[in-house]
Amino acid sequence: MSGPLNRSLAAGMETKARLYVRAALLIVIALLAALPLLNLLVPPGSSLYLPDFAVKLVGKWLCFAILALAIDLVWGYVGILSLGHGAFFALGGYAMGMYLMRAIGDRGVYKNPILPDFMVFLNWKELPWYWWGFDNFLFALAMVVLVPGLLAFVFGWLAFRSRITGVYLSIITQAMTFALMLAFFRNDMGFGGNNGMTDFKDILGFPLNTDATRAGLYWASLLMLVLTFLLCRMVVRSKLGRVLTAVRDAESRVRFLGYSVTNYKLFAFTLSAMIAGVAGALYVPQVGIINPSEFSPAASIEAVIWVAVGGRGSLVGAVLGAFVVNGAKSWLTSYAPEYWLFILGGIFVAVTLFLPRGLIGLLGKKGNGPRVTKPTMANLSAMLGTVPPEPKEQRP
Amino acid sequence: MTKPPNPVLYLDDVTVSFDGFKALNGLSFVVERGELRTIIGPNGAGKTTMMDVITGKTRPDKGTAFFKGVHDLTKLDEESIANLGIGRKFQRPTVFDNHTVFENLELALKADRRAFVTLFAGLAPAQKERIEAVMEQIGLSARARDLAGLLSHGQRQWLEIGMLLMQDPELLLVDEPVAGMTDHETEQTAILLKGIAGQRSVVVVEHDMEFVRALATKVTVLHEGSVLSEGTVDHVQNDAKVIEVYLGR
């Protein structure tokens, strides 16, 4: 057999394919970066003019793509199906929202220079201690990563140490985000209750309702997406990344090799939560509101579907999935809003059964996802990170 | 347990019960340094449970288990025991299917196992040579860049043995290495394991009597969770108690 020759040919084709992918990615990034210029430089009457809402919309997708990367890191590479990543996203968003609330100053309805409107309305006399420091932008930025990171660390430490895996872990992540949603709905929590926080005025002194600030936030999101992508790529291509995928594929083997599976999962889960927090923080000033609905379990599940559609275990796939599903959502909800959830559910079932490697699998790109080819229930259990039961050794 | 040289493995009166059923019942035996030992026994004799106890997967209800006379295996978890130098091969070959042969060995390589260290870890030339030497030893040099999932059953078994070697263990526990292998592969495996013993201690659990004979080592026969007989292959095959357990029913 011409084994070695075939192999070198295949390797050559692979590097070529890799070059194409890289070139395509750079072109897409350049196009995305140029997009707001159509809003800033082109006069509103022109057919090339991009309306304000479109800049905001794509800016939102960029944040969702960052969230998708965070989910792919733990689900695609470590096999942890988190159905509660929306919680980390929302916490990052709330941290940013708190800064934006403090930045309103005395321009609120009640003209109170210290207390946000909803606190004045509730007859609060002073700022709760957990709001201290949020008038400082850098402090708020630190909280954007530290709060989700700390929650993920504590939650993960308890869960992974007890070796909770598969569906059980998914269910408790879901419970976590649901519990946070209920907590944030309460007025006496001090986060604005079910109305959340809104009516933001400016960020770092730049008014939020101008074209330039909108474009600035858009570019900040794009930059963060690129940086997050590079960070995730560095992680998954390192030896640590190979340990993570090994945990996904054969957890007990990794343990018997002497690795602390708990610590590795904790690393990935905490990093992922921090990334999700950054995504939420970029999202809030662009949409202008943060409220407890971001904690809803459905929001977290939807984010998982983006990754499934794009192709888990592939970073490009996760980003692609976030854009495709949200693009379809924006388009379909304006034509047939009542059917969107059915379509979303249908997409998930179809992808699970027929495209276990997602859209990126269609492109023939060799992702690092688990190789499953036939449409079977095994796909579903692979998605859930549950291993089909092994034949038990016979014991009398 | 203080008189030198300490045996590499010392089990005394180990008992494990599952819901009242005693998987191990006062099991005691000793493996010397560099020894190659074969353990046989009918289904349910407690062979796998014994390995679980040694590797920290199962805690015994009673009894002691010492590694090199100083490490109490009943108090340690899987990671620490693996890092002490006990490698385990599972009954079903367990390798990382989505990694190449080379990467599988790289992950098993004895090195700092902490997460933040592996994030920036590279391979030193000496480590690379070591991986290549082990690939040579297990006969998989030509498959270095292939995914482990593409290997044949026998090759996967060898890869897993190779992964144990990468850990540089003093004791290897090998569970049914030739199950499902062709005759030729079985022969190769016997040569491989005999080559490993000497510098390291190897405990092989096996059903296949041909293979046990080929290994030509001291054999321990387990039955109902304790040692039934111990000695050469000929000795145990002619032992009346063994004959009764294997053939008497």
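This is a predicted model: local features need pLDDT of at least 70, side-chain atom pairs count only at pLDDT 80 or more; totals for chains, interfaces and linings use all residues.

Student: OK, and how far does H7(B) reach?

Tutor: The helix covers residues 183–196 of chain B, 14 residues, and spans 20 Å from its first C-alpha to its last. That is close to the 20 Å expected at 1.5 Å a residue (the expected span is 1.5 Å times one less than the number of residues). Helices here are DSSP runs of H or I with at least four residues, strands are runs of E with at least two, and both are numbered from the N terminus.

Student: Which residues of H7(B) are buried?

Tutor: Thr189(B), Ala190(B) and Leu193(B). Those three cover an arc of only 105° around the axis, so they sit on the same side of H7(B); the arc is taken from the directions from the helix axis to the C-beta atoms. A residue is called buried if 20 or more other C-beta atoms lie within 10 Å of its own, exposed if 12 or fewer, and partly exposed in between, with C-beta atoms placed from the backbone.

Student: What do the buried residues of H7(B) pack against?

Tutor: Their partners in chain B are strand S3 (36–40), strand S7 (171–175), strand S8 (201–205) and helix H8 (209–215). Turned away from the buried side, H7(B) shows the exposed residues His184(B), Ile191(B) and Gly195(B).

Student: How many residues of H1(B) are buried?

Tutor: For H1(B), residues 47–54, the count is 8 of the 8, so this helix is largely enclosed by the rest of the structure. Among them are Lys47(B) and Asp52(B), along with Met50(B), Met51(B) and Val53(B). After H1(B) comes Gly56(B), with a positive phi near 85°.

Student: Zooming out, how many helices and strands does chain B have?

Tutor: 10 helices and 10 strands. Its radius of gyration is 18 Å, close to the 18 Å that the globule rule gives for 249 residues, so chain B is as compact as a globular protein of that length. That radius is taken over C-alpha atoms, and the rule is 2.2 Å times the number of residues to the power 0.38. In chain B, 46% of the 249 residues count as buried.

Student: What about chain A, how many helices and strands there?

Tutor: Chain A has 16 helices and 4 strands, and buried residues make up 43% of its 396 residues.

Student: How many residues does each chain put into the contact?

Tutor: Chain B gives 26 residues and chain A gives 28, where two residues are in contact if their C-beta atoms, placed from the backbone, lie within 7 Å. On the chain B side, helices H2 (78–84), H3 (101–108) and H4 (115–119) each supply at least two residues. H2(B) gives the most, with 4 residues.

Student: What confidence does the predictor give?

Tutor: For the complex, the ipTM is 0.84 and the pTM is 0.88. Chain B has a mean pLDDT of 90, with 97% of its residues at 70 or more; pLDDT is the predictor's confidence in each residue, from 0 to 100. Within chain B, confidence is lowest in helix H10 (residues 240–247), at a mean of 82, and highest in H3(B), at 96.

Conventions
Residues are numbered from 1 along each chain as its sequence is written. Chains are lettered from A and ligands numbered from 1 in the order in which they are written.
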